[in-house]
Each structure stands twice: as C-alpha cells, then as structure tokens.
Amino acid sequence: MEGSKKKRKRYGGAAQGNRRPLDGSHEEPMPLPNPMVGFNLPNDRLRSVTRRLPQQAIGPPFFYYENVALAPKGVWATISRFLYDIEPEFVDSKHLCAAARKRGYIHNLPIENRFPLLPLPPKTIFEAFPHYKKWWPSWDPRRQLNCLQTSMSSAKLTERIQCALASSGNPPPKSVQKYVMDECRKWNLVWVGKNKVAHLEPDEVEYLLGFPRDHTRGVGKTERFKSLGNSFQVDTVAYHLSVLKDMYPNGVNVLSLFTGIGGGEVALHRLGIHMRTVVSVEIGEVNRRILRGWWDQTQTGTLIEIADVKSLTDDRIATFVRRFGGFDLVIGGSPCNNLAGSNRHHRDGLEGEQSALFYHYFRIVDAVKSAMGRM
Ligand code: SAH
C-alpha cells in the first residue's frame, strides 16, 4: 500500500531496523499486562504511569486507535510500529463496567487528569440487572459477564440446558454444572427462571456498553447484536478521551473511521465535548443510519457520512483539513474479523482482507498529519 511505503521511507532509523514482514509472523508476541488495567483506572491514584511519546507521535492531530487485545502473534507489534512506535494501552473493560472486553488502544492523548463518565456504570451483573438474582443458582459463581459478542445463542441450547437441569438433582452433579457453566460463560447466558437461561436482550447489551437506551432500536435483532458486539465500550473510551474536555472548550472536529454505531461520538457527547464537525466513515448502511438518527436527535454540529475508507483519498483529506481548519481527533477501531479469537476460520492476522483495513487507518492519520503540517 502507498501509505506503508511512504511510512517506511519517512521513519527510518530504529523503526526501519525493527521492521519485519507485515504479517508479523516472525515477531515475539507483545506481552499483555495482567491485570489489564491500562496506564491507569478511575480512582486509582497509586498506580499511575507517566509516558513520553516518541517525537513523531506527537499531534496534532490527536488520534485514538482500537483493536482486540488478543490478536495473533506480532499483530500489535506491527500496529504499534506503524503508529509511530507508541506503546499500546491494553484495558479490559471489566475494570470499568459489568462486562469484560479486552482491547488494545494506541493513542497520543495525555494520560494524566483523566476522569470517568458519571454516573459510574454498574460493575456487577446484579448491580446492572437485580432481577436476575432471584433465579441465579448458588453454583454459578459469575459476578461479571464475558465479552459481549456479535452473535447470540440458539433457542436449542437454552432448551438443552433446561433439559439437562430438569433431569438432575439440586444442586446438579459436577459434570452437569460444568456443562452448563461452560455454555453460560461462552454465550453470556443469564438466569431468567427455574432451570432456565437466556441470552441478553439488545437493550441490555446497549446498557452494558454505555449507549443510550434504544440507540440501535429499529433494526433487526441480528443486526443489533452484530453492531453492538463490534462497538466500543463507551465508559472505557470516554475515560481515555476525557482529557480533551479542558483542551477544547469550543468543541472538536473529528475524523471518525470505522464509526460503527458511533461509540466514540457517544463518548464525546456524554463527556460534554461539543462536536463541531464529524466526518464519519462507515461501510454499513444500517450503522450509518443509526449514527444519523442519534446525531439528529442530540447534536447541533455537522455530520458528513462517507461509506468506505478506500474512497477517502489523501486529496479529499487535504480538502477537509482546509475546510475545517484541521481535525482535532482521528478516532477508530478497524475490523478485527481476522484477528479475534472466535474466528478460527479466517484468522489470518493483519493481512486478512478485513484486518488489513488497519493500513488505511494509518494512511489516513498520516495524511491528516501531513495536510495539517502544511496549514
Ligand atoms: N468503534 C465502532 C465499531 C468498529 S467495528 C463502534 O463503536 O461502533 C469496525 C467497523 O468498520 C464496522 O462497523 C464495519 O462495518 C466497518 N467497516 C468495515 N470495512 C469498512 C470500510 N472499508 N470502510 C469503512 N468502514 C468499514
């Protein structure tokens, strides 16, 4: 790709020396921190990291990139090398809300003086949904949910579980408990009746992810799960973006790539950061409609929607930069379809058809940087 060639030329030196094949197959895996708490968490004054960004990483613009933490070997090292050698911040959202979501973030935002969205979201299943307590068996130890996925369990599975429990004693034998718990963990099933489990409803997933109620309402259930499963956890992202609030009292111009249902926009809105302009790039027609619906109800700024990152050429970027006086934030998480753990079939790393769209993220950030440098 054009962008990656350019980058190779521009950032020689150390970055050049480290560069290996783009599929990263010869890389050492980037060690994931345990606990996965990022550079800091709300109300955790003891364990705060300071960092110095590499010179070429410093904005403008600020940028914020997200992808799944558990990517195949070498992927994060490659992403980091392209994004100006910035060290990723790995965070599991279970430290901020009631569901796990292990993600890596590469950004050049300050990390001091962050603040969380209020009200703080529930941190446990029972805080989020007290009515499930009634049917929760003592042998189900879960207090938080696993990662909210893009698909839901089948009605058949619920039925199988119900049968298995109905035909065993109370408590059921260890083998049955294990079977049920494995499925409950895998599919995030909750207890809604005697021996009866069910998947979460889309509005419950919206709530756990920090979206307003009915944000994705009006499109099919399958579509809603898909879009929600791919989206940001709003409280987590808002915590990282909160530093922008004091910096931009008059609002921000945002270039939003792979916008999905607008997790980044919702985070900025909930932080009280005015969006003067958002240029949003999202290929899904349904997602664009969801964003437009929310925007028209809540925002006074300008929203420009573009379908494909491939059609956002460097020339078009330069025109936008001139028109809006530059972008303050370039935000986005490129598709993880070829990276995520559950997708064993097409897990071909960063060079997979979808995952390679990361290189457009890099190309576009770099083009914004260049265009703003010429301003
Ligand atoms: N962060 C977003 C979701 C990111 S998931 C949120 O909060 O909702 C990745 C998104 O990239 C998906 O919505 C997918 O439809 C979109 N996408 C895939 N290919 C694309 C392309 N070529 N151009 C723009 N968007 C694309």
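This is a predicted model: local features need pLDDT of at least 70, side-chain atom pairs count only at pLDDT 80 or more; totals for chains, interfaces and linings use all residues.

User: Okay, ligand first. How many residues surround the ligand, and which are the closest?

Analyst: There are 18 residues around the ligand. The closest are Phe 232, Ile 261, Glu 282, Asp 308 and Val 309.

User: And how does that shell divide into nonpolar, polar and charged?

Analyst: You get 8 nonpolar, 8 polar and 2 charged residues in the shell around the ligand.

User: What does the side chain of Glu 282 have to do with an oxygen atom of the ligand?

Analyst: An N or O atom in the Glu 282 side chain sits 2.6 Å from a ligand oxygen. Gly 263 has a ligand oxygen 3.1 Å away too, but there the atom is a backbone N or O. Then there's Val 309, where a polar backbone atom lies 3.0 Å from a nitrogen of the ligand.

User: How much of the ligand's accessible area does the protein cover?

Analyst: On its own the ligand has 580 Å² of accessible area, and the protein covers 91% of that.

User: Switching topic: what's the volume of the second largest pocket?

Analyst: About 290 Å³. The second largest pocket has 16 lining residues, and those nearest its centre are Pro 137, Trp 139, Asn 170, Lys 194 and Asn 195.

User: Which classes are in that lining?

Analyst: For the second largest pocket, the lining is made of 8 nonpolar, 6 polar and 2 charged residues.

User: Which residues lie nearest the centre of the largest cavity?

Analyst: Gln 149, Ser 151, Trp 187, Asn 188 and Phe 225, out of 13 residues that line the largest cavity. By class, the lining comes to 7 nonpolar, 5 polar and 1 charged.

User: Where in the chain are Arg 103 and Glu 66?

Analyst: Arg 103 is in strand 3 (residues 102-107), while Glu 66 is in strand 1 (residues 62-68). The two are 37 residues apart, so to speak a link between distant parts of the chain.

How values were computed: Residues are numbered from 1 along each chain as its sequence is written. Side-chain values use heavy atoms; hydrogens and water are left out. A residue is near a molecule or strand if one of its heavy atoms lies within 4 Å of it. A polar contact is a pair of N or O atoms within 3.5 Å; within protein, one must be able to donate a hydrogen and the other to accept it, and residues adjacent in sequence count only if both atoms are side-chain atoms. Accessible areas come from the Shrake-Rupley method with a 1.4 Å probe; for residues, only the protein chains shown count as cover. Ala, Val, Leu, Ile, Met, Phe, Trp, Tyr, Cys and Pro count as nonpolar, Asp, Glu, Lys and Arg as charged, and the others, Gly among them, as polar. On a 1 Å grid over the protein atoms alone, a cavity is a set of points where a 1.4 Å probe fits but cannot get out, and a pocket is an open set with protein on both sides within 12 Å along at least five of seven lines; lining residues have an atom within 4 Å of a point. Grid points are joined across faces, edges and corners, and a volume is the space filled by probe spheres set on the points. Helices (H or I, at least four residues) and strands (E, at least two) are DSSP runs, numbered from the N terminus.
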